[in-house]
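Please read this briefing alongside the sequence and the coordinates.

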Amino acid sequence: MKNYFLKPFTYFQEKQLLLFGLSLGLISCIIQLTTTTRVIALLKAIITEENPPFVQNIADFIITTITMVLALFIFGKMINAKTRFIDILNTVLIARIPLYLFIIGDINSFITKKTKVILDSISNPDEMANQFIDIILLTVFGFLVLLSLIIFGYYIYQGFKTATHLKKTSHIIIFVILILFIDFLTRLLTNLY
């Protein structure tokens with residue numbers, strides 16, 4: 001059971017991973033309708049004034065996913081000519097799942113509202129003391145978001161390593177730089193509309 005979670009790319013068939021990853025991606029776009037969160041890159045979400053429309057959520061999801069998949073697929077082909085597109089697609093879809101935590105935490109703008117109340121009370125120590133529970137909640141949520149980023153890193157590395165037989169240290173360094181660059185690039189792309 002433990003290996004199913006630690007190495008899903010080894011134990012599940014590609015169709016199962018694809019269906020699971022796409023389904024949760026679609027569900028995350030639907031859940032975003034109840035938040036003021038917009039996911040503009042793989043590793044970046046912003047708070048908006050209004051709930052983002054479904055079409056925008058889907059466009060953000062498709063652009064961020066496809067851009068990352070194409071970049072990793074081209075790099076994977078350079079490492080191993082037998083790298084398959086479906087394996088890289090599944091890697092990106094599955095790795096994104098832990099990042100949906102930020103969306104879930106902001107249902108009905110829960111996190112956004114708590115953050116705003118705390119920020120508004122920063123200048124008043126008495127009022128700030130009354131926000132103790134909210135501060136604890138936001139601290140715990142912050143640790144969970146950090147944990148979800150670590151899990152994302154683990155899954156994207158494991159999936160890419162399995163798909164390409166990644167071994168060289170120089171390839172690992174390029175892999176990390178490529179993910180950060182594509183994340184930055186998708187932030188620019190999703191701000192065009």
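Read from the N terminus, the elements of the protein chain follow the order α-α-α-β-β-α-α-α-α-α-α-α, which amounts to ten helices and two strands; helices (H or I, at least four residues) and strands (E, at least two) are DSSP runs, numbered from the N terminus. This is a predicted model, in which local features need pLDDT of at least 70 and side-chain atom pairs count only at pLDDT 80 or more, while totals for chains, interfaces and linings use all residues. Residues are numbered from 1 along each chain as its sequence is written, and side-chain values use heavy atoms, with hydrogens and water left out.

**Overall dimensions and burial**

- Taken along the principal axes, the C-alpha atoms of the protein chain fill a box of roughly 60 × 35 × 30 Å.
- Of the 193 residues in the protein chain, 38% are buried, where buried means under 20% relative accessible area, exposed means over 50%, and partly exposed lies in between (1.4 Å probe, protein chains only).
- Among the contacts in the protein chain with a separation of 6 or more, 70% are between residues 24 or more positions apart, a contact being heavy atoms within 4.5 Å.

**Packing of α4 against α10**

- Helix α10 (residues 169–190) packs with α4 at an angle of about 155°, their axes lying 10 Å apart; axes are lines fitted to C-alpha atoms, for helices over the stretch in contact, and angles run from 0 to 180 degrees between N-to-C directions.
- That angle makes α4 roughly antiparallel to α10, because angles over 145 degrees count as roughly antiparallel, those under 35 as roughly parallel, 65 to 115 as roughly perpendicular and the rest as oblique.
- The residues of α4 that make this contact include Asp60, Ile63, Met68, Leu72, Phe75 and Ile79, and those of α10 include His171, Phe175, Leu178, Ile182, Asp183 and Leu189.
- By class, the residues of the contact of α4 with α10 are 13 nonpolar, five polar and two charged, with Ala, Val, Leu, Ile, Met, Phe, Trp, Tyr, Cys and Pro counted as nonpolar, Asp, Glu, Lys and Arg as charged, and the others, Gly among them, as polar.
- The crossing of α4 with α10 is right-handed, a term used if the near helix is turned clockwise from the far one by less than a right angle, with left-handed used if anticlockwise.

**Packing of α4 against α9**

- Helix α4 (residues 54–79) and α9 have axes that come within 10 Å and cross at roughly 45°, which makes α4 oblique to α9.
- The crossing of α4 and α9 is right-handed.
- On the α4 side the contact involves Leu72, Phe75, Gly76 and Ile79, which meet Ile156, Phe160 and Thr164 in α9; the residues of this contact divide into five nonpolar, two polar and no charged.

**Aromatic pairs**

- The count comes to nine aromatic pairs, where rings of Phe, Tyr and Trp (its six-membered ring) pair if their centres lie within 6.5 Å, and planes under 30 degrees apart count as stacked, over 60 as edge-to-face and the rest as tilted.
- Phenylalanine 75 and phenylalanine 160 form a stacked aromatic pair, at 5.8 Å centre to centre and with 5° between the planes.
- This pair links distant parts of the chain, since phenylalanine 75 is in helix α4 and phenylalanine 160 is in helix α9, 85 residues apart.
- Both phenylalanine 75 and phenylalanine 160 are buried, and Phe75, Tyr157, Phe160 and Phe175 form one aromatic cluster.

**Buried polar and charged side chains in the helices**

- Aspartate 134, found in helix α9 (residues 132–164), counts as buried because its relative accessibility is 12%.
- Leaving aside neighbours within four places in sequence, aspartate 134 is in contact with Lys114 and Ile118.
- Glutamine 56, in helix α4, is buried with a relative accessible area of 19%, and it touches Arg38 and Tyr193, not counting residues up to four places away in sequence.
- Between glutamine 56 and threonine 83 there are 31 Å in space, C-alpha to C-alpha, and the two are 27 residues apart in sequence.

**The loop between α6 and α7**

- Asparagine 108 lies in the loop between α6 (101–105) and α7 (110–121), has a phi near 55°, a positive value in a residue other than glycine, and is exposed, with a relative accessible area of 57%.
- Serine 109 is found in the loop between α6 and α7 and has a positive phi near 60°, but serine 109 is buried, with a relative accessible area of 11%.
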